[in-house]
Amino acid sequence: MAEIRWCLREDIRLEAIRPEVNSLAIQTKFNLSVEDYNRRCGSFQYRRGALSAAKRDVEPLRSAIVAEALRELSPSPGLTAQPAAQRSQLTLAIQNALSELGYNPGVADGIYGQRTRSAIEAFQRSYGISVDGRETPDLLRQLEQAINQRARSGASKETIQALGQRLVFSNPNGYCTLGGTPREEELLSLTKRSLGKDVRLLHAAVQCTELDEYKNGRRDTLDHWLQIQLLGPGGDFQRFEVGREAFLAGISSANPRISPQELNKRLQAAFDTYRVELSQPEVNPIGRDGNAFYFSMRMNMSVEDTTRTITGLSGMTLLNSLPIAINVYEGTGSTRSRENLQPVLQELLTSLLTQN
């Protein structure tokens, strides 16, 4: 009977939490709880009438179980030692700073909730800070530094068109838009041909210092670049009139795995005339949060006698009903490439989601 009651309570708890799973950290904890529930409740025997009796015991407690489940999502360990009034002022300041940077914490009301925690985690990922979701004075200082840095950089606005939709965004700090010189136009043409019929290139940018050297002939390869792509399975480019959450849930449930063999074949066909060889491609899903579905990429690229490793991160999302992918790449072969790319991807994704 105790086991049946536990399973009934856990079922209520998981159903209460499920709609609030909107960050990768919470999703991981939720998945572990589901695995534990399935292991303990998936198959066991009980006497006739036991289930009905257990339901009569548990059902009156439903409201309390739901309330406790939601409280599990909201406490912030960094606040336990602070008076309530101070917590409210700190929370309000953090919420305002998050909003100014383009991270959506919800209404700035001085109340720490799940949306505020998710926004904090997104900011921490963007700026390479340890992700804990806590609201602390140190976090507020980090947010203020980011606001000052953005003000000094004065990032210019970029505009692109897709299926009649105008999208506005800013390049990540230190990246410049590709195009304008013969060398850049040739590279853009090569990039478009490498994408295949399912993808349309909307925007490409390169680290500014590298782009300056490239377009002036002082370098032949790039180490840091990014793309914004419009997605159209089978070449069918169209708008998706659904919510972003439903779109991401559909991608996540399908658990798409891009074939490394197909990716290699597609890229190799584009690079054949440039004496470029590609090998050992790896494409792996990472997971999703409320903004995008993420996956990582890795492959080896050989040009004549030189071989280097290309690492990439991608986020697929729905933006104003347009299915798009944001890809960032690093070709240095560094063991920290994926870690280096995370804040670049997040900055570009945040700019797109908040300016459109």
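A nonpolar core is a set of buried Ala, Val, Leu, Ile, Met, Phe, Trp, Tyr and Cys residues joined through side-chain atoms within 4.5 Å. Keep in mind that this is a predicted model.

The largest nonpolar core here has 27 residues. Those with the most contacts inside it are Leu178, Val206, Leu222, Trp225, Ile310 and Met316. Several elements give two or more residues to this core, including α8, β4, α9 and α10, and also the strands β5, β7, β8 and β9. The largest share, five residues, comes from β7.

Take Met316 from that list. Beyond four places away in sequence, Met316 touches Leu231, Leu248, Ile251, Ala292, Phe293, Phe295, Ile324 and Ala325. Apart from this core lies another, of 26 residues, with Ala162, Phe237, Leu313 and Leu319 among them.

Next, helix α12, residues 337-355. How far apart should its ends be? At 1.5 Å a residue, its 19 residues should span 27 Å, and the end C-alpha atoms are 28 Å apart, so the two agree. Buried residues of α12 include Leu341, Val344, Gln346 and Thr350.

Ser337 is also in α12. Is Ser337 buried or exposed? Its relative accessibility is 1%, so Ser337 counts as buried. Leaving aside neighbours within four places in sequence, Ser337 is in contact with Thr311, Glu330 and Thr332.

Compare Glu213, which sits in helix α9, residues 208-215. Glu213 has 29% relative accessibility and therefore counts as partly exposed. Not counting residues up to four places away in sequence, Glu213 touches Arg218 and Arg219.

Definitions and conventions
Residues numbered from 1 in each chain as written. Predicted model: local features only at pLDDT ≥ 70, side-chain atom pairs only at ≥ 80, totals over all residues. Heavy atoms only, no water. Helix = DSSP H or I, 4+ residues; strand = E, 2+ residues; numbered from the N terminus. Expected span 1.5 Å × (residues − 1). Buried < 20%, exposed > 50% of the residue type's maximum accessible area, 1.4 Å probe, protein only. Contact = heavy atoms within 4.5 Å.
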